[in-house]
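Below is a set of questions and answers on one model. Please look at the sequence and the structure before reading on.

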Amino acid sequence: MRCVLFALLAHAAAAFDLMSAVLKSPIYKNLLVPASRNMMINTAKENGVPWADAVAWIRGATTWELDDDADVAVPAYYRQPFHAYEPGNLCWEAAWEAEVAGRAVGARNYPEFGADGEEAFRGAFDDALVAAGARTPGAGDTILDLGCATGHGTRRLAAKFTDAKALVGVDLSPHMLAVARRLPQLCKGDNAWINVVSDDARVSYARADAASLPFADASQNFVVLSFVAHELPPAATRDVVHEAYRVLRPGGQLWVTEMDFETEGFRKLRASPAFVFIRSTEPYLDVYADFGAAGVAEACADAGFGRVEAVAATGRHYALVAAKDGGPAAFVDRREATKLPDTHLKTWESKSKS
């Protein structure tokens, strides 16, 4: 039995080394990245998401200039190529396409909803967070949305929690934040943008490292970390969780939504050759897969959070709520008990067959 285990580990290590070598070769830039990008564009096209038109509109909607002169140190991990962009999130193309790509991701996860798949996807996390113990932000409450990109999630939180006093979207990319800040003005009247954008005075944006926030201790009621952990090395995720604990008030909550590589769908994907296409645009996805919900929960316990509860959000994702409740650390893992059907498209598919 031990020999079999060692053989499996050796095989896994060899596969990891081979994949790492591929990602450092010309194959990465010339084949894998274009293939992964085309998969998202084709998904958008096949599901009625106007990728080309939306990007053309936002590109030409204004003269784009960086408007954030905050002196922020950018960690080395953030300078890696991400999402098929050589400069990662530090470029206009990433910012112009972020919300369009989000619509394509939604269509891949909930293909029966087509172009509206993202709202169904985000709605699944809304329900899962409540099931995991998320409280409803009330009058006077503040919300930090870490890794907010161009602010779609931040705007959505504002629309959902109308009693909240203030919401701040935080991101390291000045390009993302420039788009987030300009969209409310650009979208007044007729426009060709793909998401609803309201001008809400409660919403603002700050450029900062989520592991070094410019907010006082115990100053926030809720911190949101939505689809950020899989884009970070585990050490950075731990630092972000510790920082979330610092800025949360007693009784505050950290909400995490993420991919779950303990689900059957992602386990099979990771074991297949197709995973190389996914990993080609997500440099930390493989180490995140090992870190997972248990790693996030352990980071929460180390930071000082009390009860941490995780539930299934979709057939391939989870939602986790960590409470700064002053109690002992306790991880309540209900993902298996709340298991849901896997509605995600197969890697080679771009549209539902039904």
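Q: Does Phe222 count as buried or exposed?
A: This is a predicted model, in which local features need pLDDT of at least 70, side-chain atom pairs count only at pLDDT 80 or more, and totals for chains, interfaces and linings use all residues. Residues are numbered from 1 along each chain as its sequence is written, and side-chain values use heavy atoms, with hydrogens and water left out. Buried means under 20% relative accessible area, exposed over 50%, and partly exposed in between (1.4 Å probe, protein chains only). Phe222 has 0% relative accessibility and therefore counts as buried.

Q: In which strand does Phe222 lie?
A: Helices (H or I, at least four residues) and strands (E, at least two) are DSSP runs, numbered from the N terminus. The run that holds Phe222 covers residues 220-226. The strand is β4.

Q: Which residues does Phe222 touch, not counting residues up to four places away in sequence?
A: Contact means heavy atoms within 4.5 Å. Leu144 is 78 residues from Phe222 along the chain, and their C-alpha atoms are separated by 6.2 Å. With residues up to four places away in sequence not counted, Phe222 touches Arg135, Thr136, Pro137, Asp141, Thr142, Ile143, Leu144, Leu248, Gln253 and Trp255.

Q: Which residues have the most contacts inside the largest nonpolar core?
A: A nonpolar core is a set of buried Ala, Val, Leu, Ile, Met, Phe, Trp, Tyr and Cys residues joined through side-chain atoms within 4.5 Å. In soluble globular proteins, nonpolar side chains tend to be buried together. The largest core here has 79 residues, and those with the most contacts inside it are Leu146, Trp193, Leu254, Cys300, Phe305 and Leu320.

Q: Which helix gives the most to this core?
A: The core in question is the largest nonpolar one, with 79 residues. Ten residues come from the helix that spans residues 285-303, which is α11.

Q: Which residues does Cys300 touch, not counting residues up to four places away in sequence?
A: Cys300 is among the residues with the most contacts inside the largest nonpolar core. Not counting residues up to four places away in sequence, the residues touched by Cys300 are Val241, Leu254, Phe305, Val308, Leu320 and Ala322.

Q: How many disulfides does the count come to?
A: A disulfide is a covalent bond between the sulfur atoms of two cysteines. The rule used here asks for a pair of cysteine sulfur atoms within 2.5 Å. By this rule the count is zero.

Q: How far from Cys91 is the nearest cysteine sulfur?
A: Cys91 is buried, with a relative accessible area of 8%. Cys91 is in no disulfide. The nearest cysteine sulfur is that of Cys148, at 16 Å.

Q: Are α4 and α5 roughly parallel or roughly perpendicular to each other?
A: Axes are lines fitted to C-alpha atoms, for helices over the stretch in contact, and angles run from 0 to 180 degrees between N-to-C directions. Angles under 35 degrees count as roughly parallel, over 145 as roughly antiparallel, 65 to 115 as roughly perpendicular and the rest as oblique. The axes of α4 (residues 92-109) and α5 (residues 117-131) come within 7 Å and cross at roughly 75 degrees. The two helices are therefore roughly perpendicular.

Q: What is the phi of Phe227, about?
A: Most residues other than glycine have a negative phi, and most peptide bonds are trans. Phe227 is found in the loop between β4 and α8 (234-247) and is partly exposed, at 22% relative accessibility. Phe227 is not a glycine, yet its phi is positive, about 55 degrees.

Q: Does Pro328 count as buried or exposed?
A: Pro328 lies in the loop between β7 (317-323) and β8 (330-333). Leaving aside neighbours within four places in sequence, Pro328 is in contact with Gly306 and Arg307. With 67% relative accessibility, Pro328 counts as exposed.
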